[in-house]
Amino acid sequence: MKFIVCENYDEMSTKAAEMYKNLINSKPDCVLGLATGDTPKGTYKKLVEYYNAGEIDFSGITTFNLDEYYPMKKDNPQSYNWFMNENLFSLVNFKKENINIPDGSTDNPEEFCENYDKKIESYGIDLMLLGIGKNGHIGFNEPDDQLITGTHVTQLTESTIDANSRFFSADEQIPTSAISMGMVSIIKNSRSILLIANGKGKHDAIESLKDNKINPQIPATLLKVHPDVTIICDKEAYFG
Ligand code: PGA
């Protein structure tokens, strides 16, 4: 794992966006793995700036998003579909048919997950962007004794429900389940992985990535088996 430690959130976001820009400019039909949350917002903002300056073209790019709440309608402002439209998709020139996000409104989630994995496998992901939870989760791969390999429906932990409650108003129900790419779907199908993290709250999770230990109770540690992982984080996440 390669660490790049930045002064602050803005520098982290710029460095992450530059990695995407370089990839897109050298491979205009590349496949991107994308994540939601507060962490990648700055990266997406920079990508939109590059697009507005005529420095990137997204028209040949295919994307796969990491996760979505379940059940969740696409037009719900809390959905990850909505987040991606607000922060990136509607602001640049992706082709709609090249965008893939887990379908939170499917009637048959098991079949959906199987097909999502097949599609990811057939495309391969050139660069997978990941955030990390305070508890070390990746997407909605939560701490567990066992490893769920592929894209799956999962129950969220109390810690994740708590962390996400900040996005919901008091009268809204916070979803307790989600569809998430599995750790093996991510590791097996991504050529390169870019994990971004900022703030003291992520320090323990980042600390767990500095040694060689693997522990399914800290799902991000499983990424250590991948040969090409870059972690771009700010000083607070790195040093605490
Ligand atoms: P955050 O979430 O970017 O909102 O901190 C990251 C995550 O939980 O994966």
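This is a predicted model: local features need pLDDT of at least 70, side-chain atom pairs count only at pLDDT 80 or more; totals for chains, interfaces and linings use all residues.
A polar contact here is a pair of N or O atoms within 3.5 Å; within protein, one of them must be able to donate a hydrogen and the other to accept it, and residues adjacent in sequence count only if both atoms are side-chain atoms.

Residues are numbered from 1 along each chain as its sequence is written, and side-chain values use heavy atoms, with hydrogens and water left out.

**The ligand site**

Let's look at the ligand's surroundings. Gly 37, Asp 38, Thr 39, Gly 131, Ile 132, Gly 133, His 137, Arg 166 and Lys 202 are the residues around the ligand, each having a heavy atom within 4 Å of it.

| Side chain | Distance to a ligand oxygen atom |
|---|---|
| Arg 166 | 3.0 Å |
| Lys 202 | 2.7 Å |

On its own the ligand has 280 Å² of accessible area, and the protein covers 80% of that (Shrake-Rupley method, 1.4 Å probe). The ligand sits in the largest pocket. A pocket is an open set of points on a 1 Å grid over the protein atoms alone, with protein on both sides within 12 Å along at least five of seven lines; sitting in it requires more than half of the molecule's atoms to lie within 2 Å of its grid points.

Val 92 belongs to the loop between α3 (80-87) and β5 (99-100). Helices (H or I, at least four residues) and strands (E, at least two) are DSSP runs numbered from the N terminus. Val 92 counts as buried because its relative accessibility is 9%, the classes being buried under 20%, exposed over 50% and partly exposed in between (1.4 Å probe, protein chains only). Setting aside residues up to four places away in sequence, Val 92 touches Val 48, Tyr 51 and Phe 58, where contact means heavy atoms within 4.5 Å. Val 48 is 44 residues away along the chain, yet the two C-alpha atoms are separated by 6.4 Å.

Glu 49 lies in helix α2 (residues 41-52) and is partly exposed at 41% relative accessibility. Its C-alpha is 9.7 Å from that of Leu 91, a residue 42 positions apart from Glu 49 in sequence.

**The loop between α7 and β10**

Lys 224 and His 226 can be taken together. The loop holding Lys 224 runs between α7 (203-207) and β10 (229-234), and His 226 lies in the loop between α7 and β10 too. Lys 224 is buried, at 18% relative accessibility, and so is His 226, at 6%. The Lys 224 side chain makes a polar contact of 2.7 Å with the side chain of Asp 211. Beyond its sequence neighbours within four places, Lys 224 is in contact with residues including Met 1, Ser 208 and Ile 214. His 226, with residues up to four places away again left out, touches Ile 187, Ser 190, Arg 191, Ser 192 and Ile 193.

**A cis peptide bond**

Most peptide bonds are trans. Tyr 70 and Pro 71, however, are joined by a cis peptide bond, with omega about -10 degrees. Pro 71 is found in the loop between β4 (67-70) and α3.

Technical notes. On a 1 Å grid over the protein atoms alone, a cavity is a set of points where a 1.4 Å probe fits but cannot get out, and a pocket is an open set with protein on both sides within 12 Å along at least five of seven lines; lining residues have an atom within 4 Å of a point.
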